[in-house]
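Have the viewer open and follow along.

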Amino acid sequence: MKRIDAVIRPSKLDEVKESLSAAGVTGLTVFEVKGYGRQKGHTELYRGTEYTVDFQPKVLISVLVVDDLLEAAVKAISDSARTGRIGDGKIFISSLEDVIRIRTSERGREAI
Amino acid sequence: MRNVTHTYPRPWFLKIAISVLLVSATIGPMIVAFADEPQPDPAGISTGDKGTTFDAAGNAFVVTEPTDKTAPDYAKNKKAFDEFQAQAAKEPLVIKLADNVGHLRIATNFTWTLLTGYLVLFMQAGFALLTCGLVRKKNAGHLMMLNFAAYVFAFLAYWVCGFAFQYGGAAINAAPTNLGGTPTLNHFLLGGGLWGFLGGRGFMLSGPGYDAGVLCLTLFEVVFMETAAYIIVGAICERISFWAFLLCELFIGGLLYPSFGCWVWGGGWLSQLGQTMGLAHGYVDFAGSTVVHGVGGFCAMALSVILGPRLGKYGPDGKARAFPAHNLVYVVTGTFILLFGWMGFNPGSTLGSSDLRVSVIAVNTNLSACAGAASAMFLWYFIFGKPDITMACNGMLAGLVAITAPCAFVTPSSAVMIGILAGIVVDLGVLFNERVIHVDDPCGAISVHGYAGWLGAVCVGIFADGAYGAGWNGVGVSSYLGKAGQGVTGLLYGDYTQFFTQVGGATFMAIYVFGFTYLVFSLVNVFRPLRVPKEVELEGLDVPEFGLPAYPEDELVAAEAAGSLARA
């Protein structure tokens, strides 16, 4: 079982959600986050005083998949989130120790 | 779980002060009018009669008997008086009608004055929104509470003694004829005659103060005082403790504002400089560029200097840091509400719509507002490349502040000019305060109200064209500068003295207000710091001072509270 965390543009959330659904991934968690990568922050002015805007608003999507579905899910996210401009985001894959459904106490593959 | 890090002082002097207030509130209403003085008219049944009937040009219906037998036109006036008496005896019904008309005129003016007063009251909401939007989210509740408490406590101080200090002697040199003259306000506590310093009638609005005409004036003037009272919030917010703020409000409502207000509007010495020292029409301020806004702005400046800048505002290199506004929607909405309320502020200052100049005043006010916003916006764009929304709003307000003194005396084109100047002044003022003298002013109150207020008074001395204000402050009743009916005149129309009087008076206001405030509150600061502790300021004042964040759903605190309710 794998956990996929993807930092994407907020404007791409709907598209990514649709394509993940089409790829067979059920369930996802969404976080509103801020972050930056290699793109530098920029300065703005408020009443004549400079302030730096380092962090860009992003969305972090977290989905759980069985190993067979991993590549399909990654492709779904990448294709739908890509615009070609700096700031498209990143996908992180990690191994999942275990997953439990709270309502029924199921564990493992049945709980995904 | 937050610990209560900041508690209120409950010292003995607070208990005594509250006791004194309660005792005087009980005794106050028992003060009755003195027998040999003009009697107050609490039911309004003897205010307004043929004596208050005038035509459009201001000529009285009733011809009064000339008293000065040595005057050159005595014979002519005596003849006119005798003819009137004879005519009145022959047509008693006309005299009765004149009584009705006079009453109706006063009634119309009461409506006008009260309704425009309510508009000014609504400006409280505008300023609350404006200032709340300009500060950080963690202080939103604090800003709202400051604006709210300002209205409440300054009003009470004005009731106790503020109104009496400001207008207690109004009938002597500045009787509001549009409201029936308020004859019971006829005594100066300090000074007398043409050199009045503090009024002495109408304490607790009792006795001579319990009069329909007086209370109409009170309602109108209290909301003007409230405007000065809330202006300080814009500069001292995000770091002033609530108890210190209440003290500021009592000071402004009870003493600072009424004192200067007495000198300019209550028939006091500044307004009478024309008669006492030949200084044109004396110091002129139609609706309060200096009396209201200048006083608020420079009081704010003194307090801001004592408090010091917000934590983190200036870096170790002395460079300013930005604390962006948390809600621009409030800022613009607040500005529009203030603009709307100003339609009461300026035109209302005639104290009566029987004075048809009100339309000119209303248009001048709007023109200056728009010119101020446009000029501030364009200047900012040329300097920084983007028009800052908050500076555009400050520009509109500066235009409004600057036209407040001259609005009745200038042409519409002059109003535009004044607005343009105000926009420039506020832009440069904000940069000056922040970058040069390092006085932290979160909402630009010092620039919008202090600097632009000074400008407004000076603009009377530049742009006033003499079309209105004949006999202002008792000067030039029959003629001025060689012309009959010539009113308040400025530099561009030939009156140099008025210009110097305005500059002198406005500058004096700045020094007096800043100095008096600085003196009193530096002293208070020695006994107990006006500023909140560092931890409180960093956390935001909403919870430590008032126990409730403005936006609880942003914080886990409220989520916990909601959870425990669900459990029970």
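Start at Gly191(B), which stands opposite Gly196(B) in S2(B). Helices (H or I, at least four residues) and strands (E, at least two) are DSSP runs, numbered from the N terminus. Strand S1 (residues 188-192) of chain B runs antiparallel to strand S2 (residues 195-199) of chain B, with four bridges joining them; for strands to count as paired, DSSP has to find at least two bridges between them. Two residues sit between the strands of this hairpin, and Gly193(B) takes a positive phi near 60 degrees there.

A quick word on ground rules: this is a predicted model, where local features need pLDDT of at least 70 and side-chain atom pairs count only at pLDDT 80 or more, while totals for chains, interfaces and linings use all residues. Residues are numbered from 1 along each chain as its sequence is written, with chains lettered from A and ligands numbered from 1 in the order in which they are written.

Now for where the two chains meet: twelve residues of chain B are in contact (C-beta atoms, placed from the backbone, within 7 Å) with seven residues of chain A. On the chain B side, helix H13 (389-404) and helix H14 (412-436) are the elements giving two or more residues, and H14(B) gives the most, with three.

Finally, pick out Leu303(B). Leaving aside neighbours within four places in sequence, Leu303(B) is in contact with Ile232(B), Ala235(B), Ile236(B), Cys248(B), Thr517(B) and Phe521(B).
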